[in-house]
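Work through the following exercises with the sequence and the model side by side.

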Amino acid sequence: MRRILAIGYWLLAIGLIGSVSAQNIPAVPADSLPMDSTLADSEGDELEEMDDLEVNASGIPDWLTSHFSNDTLFVACDFGVLPRKIVVRTNNGDAVYKIAPQFVLGDTSLLNNHPADSIYRHIWTDERVNPYGNLFDSLVDDVHIPMKGFCLPAPGYVTSPYGWRRYRMHRGTDIKVQVGDSIRLAWDGQVRIVGWDPRGYGYYVVVRHDNGLETIYGHLSRPLVDEYERIYAGEVIGLGGNTGRSTGSHLHLEIRYLGNALDPATFIDFSTGQLKHKDEYVIGIKAIKQQRAAEAQMQWYKVKSGDTLSGIAKKYHTSVKKLCQLNKIKETSLLQIGQKLRVR
Ligand SMILES: [Zn+2]
C-alpha cells in the first residue's frame, strides 16, 4: 500500500507532456544530484521505495518510455493547480527519484516568479492558451494595466479585425506581413508557449507580460524564442508566415487578460502603430461581462431546402427585419442551403 501511494505521488508530481526545447537548461551531472532528498516527502521512506525507477539506457524510465525523447526527461509537477513543466537532461543511470526533487522542488527559479504570477494564481503551463478556468469571471473591479514600454509587433495594415466572423469569433487582429518579416514582442515578458497548431494558429508564441497581459502571435513561419525565455519589448520573437489556418501570410495578434481575449484595436491604433492609451489601459470588467452574456445568447440556424426568411423568423419568434439586421442581408437576398443565419 505504501508503495502504491508512493508511485501515485510521483505520478501526480511527475506528469509527462509534449516536446519542448531543452537547450536552455544545462545538463545535470548525475553525481551532483541529491541522493537523499528531504524535499519531496517529509517522511523520506517513500522516496526509497522509488529506487527501482531507474532510467534505461536511453535515459528514460521504462514506465514513461512513450513520453520521452532520447536524452531529455520532461518533468512536470503539480502543486495543486496545473502542471508546470521543467526539462531535465538525463544521463545513463539517473533515477527519477534523484532528479525530480532538485528540479521539481528545488530549482524554484524555473517554477516561481513568472510575470504577473500572483494575478495568474501561479498557473503557468504550455498545455493550453487559456488554462485559467474561471479566474476572469471571478473579477469584479476594473483592471488597470500599465502600458509603458510598448513596441508594435508588426507595422502592417489590418486585414481582418477582432470580432464575429459570421458565426465564429475571431479573437485577434490580423495584420499583413510577408513571410520572413520580423515579428516583435509587444511588452517585456516571459515566453509561456511555443506551439504548433496545424488547424489554427500554425506556429505560435504565447508570452506572459510583466504588466499582466498575455499576447499570442500566430501563423509564424518560424518561432525564434524558447519556452521560459525572458524577453523584452521589441525583440524578434519569430518570423511572419502563413502556417495553420491561414490564407495569405499575416500575423494573428491576440491580447488576453487571464485567458480572455480583448480587442487589440482598443489598445493599438493600427493606422499609426501607436497605443491609444499611453500610460494605462483600463479593462472594464462589467462591460466585458455584459458583452459575453449577450454573446452567450446568440443562436444560429442552418438553412435547409425550402426555407424562407419569413418562415425562419416565425420559427424563432423574430422578424424578417431583425434577421436581416443580424445577418447584414436584404429581405430580397437569396438564402443558400447550408448557410448559417444568426437568429438571436
Ligand atoms: Zn486571425
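**Exercise 1. Describe the setting of E214: is this residue buried or exposed, and what does its side chain meet?**

Solution. E214 is buried, with a relative accessible area of 1%, where buried means under 20% relative accessible area, exposed over 50% and partly exposed in between, calculated with a 1.4 Å probe and protein chains only. The model is a predicted one, in which local features need pLDDT of at least 70 and side-chain atom pairs count only at pLDDT 80 or more, while totals for chains, interfaces and linings use all residues. Residues are numbered from 1 along each chain as its sequence is written, and side-chain values use heavy atoms, with hydrogens and water left out.

Finally, look at the partners. The side chains of E214 and Y132 are joined by a polar contact of 2.8 Å, that is, a pair of N or O atoms within 3.5 Å, of which, within protein, one must be able to donate a hydrogen and the other to accept it, residues adjacent in sequence counting only if both atoms are side-chain atoms. Beyond four places in sequence, E214 also touches residues including R192, H209, E254 and R256, a contact being heavy atoms within 4.5 Å.

**Exercise 2. Find which strands pair with β11, and in what sense.**

Solution. Begin with β10, which is joined to β11 by 5 bridges and runs antiparallel to it; two strands pair if DSSP finds at least two bridges between them. Within this pairing V207 stands opposite T215. The two strands form a hairpin with 3 residues between them, and G212 in the turn has a positive phi of about 100 degrees.

Then turn to β15, which pairs with β11 in the antiparallel sense over 6 bridges, with Y257 as the bridge partner of L213.

**Exercise 3. Which residues touch the most other members of the largest nonpolar core, and which elements give two or more residues to this core?**

Solution. The core has 42 residues, among which L213, Y217, Y257 and I283 touch the most other members; a nonpolar core is a set of buried Ala, Val, Leu, Ile, Met, Phe, Trp, Tyr and Cys residues joined through side-chain atoms within 4.5 Å. The elements that give two or more residues are β3 (143-146), β10 (202-209), β11, β15, β19 (280-283) and α6 (285-297), and the largest share, 4 residues, comes from β15.

**Exercise 4. Identify what coordinates the zinc ion, and relate the donors to the strands.**

Solution. The zinc ion is coordinated by H170 (NE2), D174 (OD) and H252 (ND1), at 1.9 to 2.1 Å; donors are N, O and S atoms within 2.8 Å of the metal (3.2 Å for Na, K and Ca), and because water is not among the atoms, sites may look incomplete. In sequence the donor residues are spaced H-x3-D-x77-H. H170 lies in strand β6 (residues 168-170) and H252 in strand β15 (residues 250-257), so this pair ties together parts that are 82 residues apart in sequence. Both H170 and H252 are buried.
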